[in-house]
Amino acid sequence: MSEDLYAKELLRWAADVSCAGTISGEKLSATVNNAMCGDRITLDFAVDPTHEIYECRHDTKACVLTQASASILAAHAIGETGESLAHIREKVARMLKEGVDAPSGKWSVFGIFAPVREHKSRHTCVLLPFEAAEKAFTQK
């Protein structure tokens, strides 16, 4: 693995615990596992009647890449919906698989994962939090 995979900004996000934990009360929640490596993430979303996210928490037991991705998703999820997160997931997946630019705006921070492009087996690590988000919003 290249040291570029573990740039300082990525490590800072992986260590960020500001959105770690769970939400008590009514929530959308899902847990997913990466069977290849054992990564596990649970995402909790509190949503308003219009399905807009007003709180997001994650419980992540995973590699640095998944931890950072989960922290970024949780920190930026406020104001989003399940549908808008699916669009961001698609942009991040295309960035990894096709080399297109990172998403724009508040989601541009996913550009820190650009070095992962060369490590296809690690794409799942970056996308695992989005998989949990999709599962949480589709199992209502």
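The model is a predicted one, in which local features need pLDDT of at least 70 and side-chain atom pairs count only at pLDDT 80 or more, while totals for chains, interfaces and linings use all residues. Residues are numbered from 1 along each chain as its sequence is written, and side-chain values use heavy atoms, with hydrogens and water left out.

The chain holds four helices and three strands, where helices (H or I, at least four residues) and strands (E, at least two) are DSSP runs numbered from the N terminus. Read along the sequence, these elements follow the pattern α-β-β-β-α-α-α. The C-alpha trace spans about 45 × 25 × 25 Å along its principal axes. For 140 residues a compact globule would have a radius of gyration near 14 Å, and the chain agrees with this, having 14 Å; the radius is taken over C-alpha atoms, and the globule rule is 2.2 Å times the number of residues to the power 0.38.

Of the 140 residues in the chain, 44% are buried, a term that means under 20% relative accessible area, with exposed meaning over 50% and partly exposed in between (1.4 Å probe, protein chains only). Among contacts between residues at least 6 apart in sequence, 61% join residues at least 24 apart, contact being defined as heavy atoms within 4.5 Å.

S1 pairs with strand S2 (residues 40-47) in the antiparallel sense over six bridges, two strands being counted as paired if DSSP finds at least two bridges between them. Within this pairing, Leu28 stands opposite Phe45 of S2, and Ser29 has Asp44 of S2 as its bridge partner. The two strands form a hairpin with six residues between them, and in its turn Gly38 has a positive phi of about 90°.

S2 itself is mostly covered, since six of its eight residues are buried. S2 is also joined to strand S3 (53-61), with which it runs antiparallel over eight bridges; here Leu43 stands opposite His58 of S3. S2 and S3 form a hairpin that has five residues between the strands.

Where does His51 lie? His51 is found in the loop between S2 and S3, and this residue has a positive phi of about 75° although it is not a glycine. With a relative accessibility of 40%, His51 counts as partly exposed.

His76 is buried, its relative accessible area being 15%. When its neighbours within four places in sequence are left aside, His76 is in contact with Trp13, Lys106, Trp107 and Val109.
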